[in-house]
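Please find below some numbered remarks on this entry, for use alongside the sequence and the coordinates.

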Amino acid sequence: MYVEVGQSVKAGEKLFEYDTEDIKIKIDQENLEVEKMQNSISNSRKQIDTINAEKAANPGGDHASFNIDIQTLENDIKQTEYSIKSKKTEIDRLKKSLKNVVITSEIDGIVQTIKDSENNDDQSGMMMDGGQTQDDSYITIMQTGEYKVKGVINEQNMWSLNTGDRVKIHSRIDENISWGGSIESIDTSNPESNNNNSFYMMNGDDSMNRSSKYPFYIVLDSKEGLMLGQHVYIEKDVGQENERQGLWLSNYYVIEENGEYFVWASNKNEKLEKRKIKIGEKNEEIGEYQILEGLTAEDYIAVPTEELEEGKKVTKYDVLTDIPVNIEGEVPNMDVIVEGDGEISVPEESTTTDELTPMQPTEEVTKEVNL
């Protein structure tokens, strides 16, 4: 072995060398077997000559037994000749392997793993970050010169990723720093077996610890400001950071009936009404609709539920901290966070009850309507 885990290598540099002693012994053994078989053929041919001589000396005798013996010896010779041919093929293969005993690196990179099949020591199946890998490769090298980001995703969310998908990579150190990239590959043949948090996962939750996790690799548009080994957050790029015109609302609040669209909103008398709106663009990736008519940034809207009826009196909440919570400490409503640019985003986790949810997209605030 010429290298160790963590060592930088150049293309063409020696990595390891096969032990050829066993190969040489095997070649010698095969040559001895060939020699024995060749001697066997010579002996069989001599026996055939002897039998033929006996037949010639007794031309009027019964030659049936002689003929059977000759046929048996000839069949043995053919079988032995085939065995010799197979042995010579194996000898040629072994001799060829002696010419390729030194393995060199095909790329510039850093040695990530080395498998020690005999001793199973600390380098066996280990990665630079301390995690375990089920990869059967004897040695693994991470290419340098072109950074790639590695993430892991559990089998339950595999459907959400495809090769070529655009992603955003966010720094854990500075939330204002991010990088763009594309998913280059998803390695479904080598599941991760470590349960540490060396990598930050897409759609991660507790189920990640109970199901198989597969690595995927991202090619960056630019690596400026990114350090080797840096931990990052990854999310799919569905245009969520693109600047958009007008008012956008989560489709969670929009009701579609016979090709028309409605929202539950508070009217000027602070009564609930089912208001018709006009929809513009739709971003199905993030589930948001552009509102062209029927709703303004000053309106209060509510989460649609079966209990809502027009004419009911409403209670408004302007900030998230004013929303009442139930005995379990959960917010009983789907809270709407209104961004300063007029975009409305819905938090991933919340519950719905009789409490209703409106908003105001002028500052990052939350407004609630309560029956």
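1. Aromatic pairs. The structure, a predicted model, holds 4 aromatic pairs. One of them is Phe16 with Tyr138: the ring centres are 4.9 Å apart and the planes stand at 70 degrees, so this pair is edge-to-face. Phe16 is buried, at 9% relative accessibility, while Tyr138 is partly exposed, at 37%.

2. Further aromatic residues. Tyr252 and Tyr253 make an edge-to-face pair, with 5.6 Å from centre to centre and 80 degrees between the planes. Tyr252 is partly exposed, with a relative accessible area of 32%; for Tyr253 the value is 0%, and this residue is buried. Phe16 and Tyr138 also belong to one aromatic cluster together with Tyr18.

3. Charges over rings. The charged end of Lys274 sits over the ring of Phe262, at 5.3 Å from the ring centre. In the case of Lys282, the charged end sits over the ring of Tyr289, and the distance to the centre is 5.2 Å.

4. Asp299. This residue is located in the loop between β15 (288–293) and β16 (301–302). The side chain of Asp299 has a polar contact of 3.1 Å with the side chain of Arg275. A polar atom of the Asp299 side chain also lies 2.8 Å from the backbone nitrogen of Thr296.

5. A sheet of 3 strands. The strand order in this open sheet is β1-β4-β5, and the pairing is antiparallel. β1 (8–9) and β5 (139–143) are the edge strands, each pairing on one side only. Between β1 and β4 (residues 109–114) there are 2 bridges. Val9 is opposite Gly109 of β4.

6. Confidence. The average pLDDT of the chain is 76, and 73% of the residues score at least 70. Strand β13 (residues 260–266) has the highest confidence, at 93, and strand β18 (residues 337–338) the lowest, at a mean of 31. Residues 325–371 have pLDDT below 50, yet the model gives this stretch 165 contacts beyond near neighbours in sequence. Residues 195–208 stay under 50 as well, with 33 contacts beyond four places in sequence. Where pLDDT is low, predicted coordinates should not be read in detail.

Notes:
Residues are numbered from 1 along each chain as its sequence is written. Side-chain values use heavy atoms; hydrogens and water are left out. Helices (H or I, at least four residues) and strands (E, at least two) are DSSP runs, numbered from the N terminus. A polar contact is a pair of N or O atoms within 3.5 Å; within protein, one must be able to donate a hydrogen and the other to accept it, and residues adjacent in sequence count only if both atoms are side-chain atoms. Two strands pair if DSSP finds at least two bridges between them. pLDDT is the predictor's confidence in each residue, from 0 to 100. Contact means heavy atoms within 4.5 Å. Rings of Phe, Tyr and Trp (its six-membered ring) pair if their centres lie within 6.5 Å; planes under 30 degrees apart count as stacked, over 60 as edge-to-face and the rest as tilted. Buried means under 20% relative accessible area, exposed over 50%, partly exposed in between (1.4 Å probe, protein chains only). A charge sits over a ring if NZ of Lys or CZ of Arg is within 6 Å of the ring centre and within 35 degrees of the ring normal.
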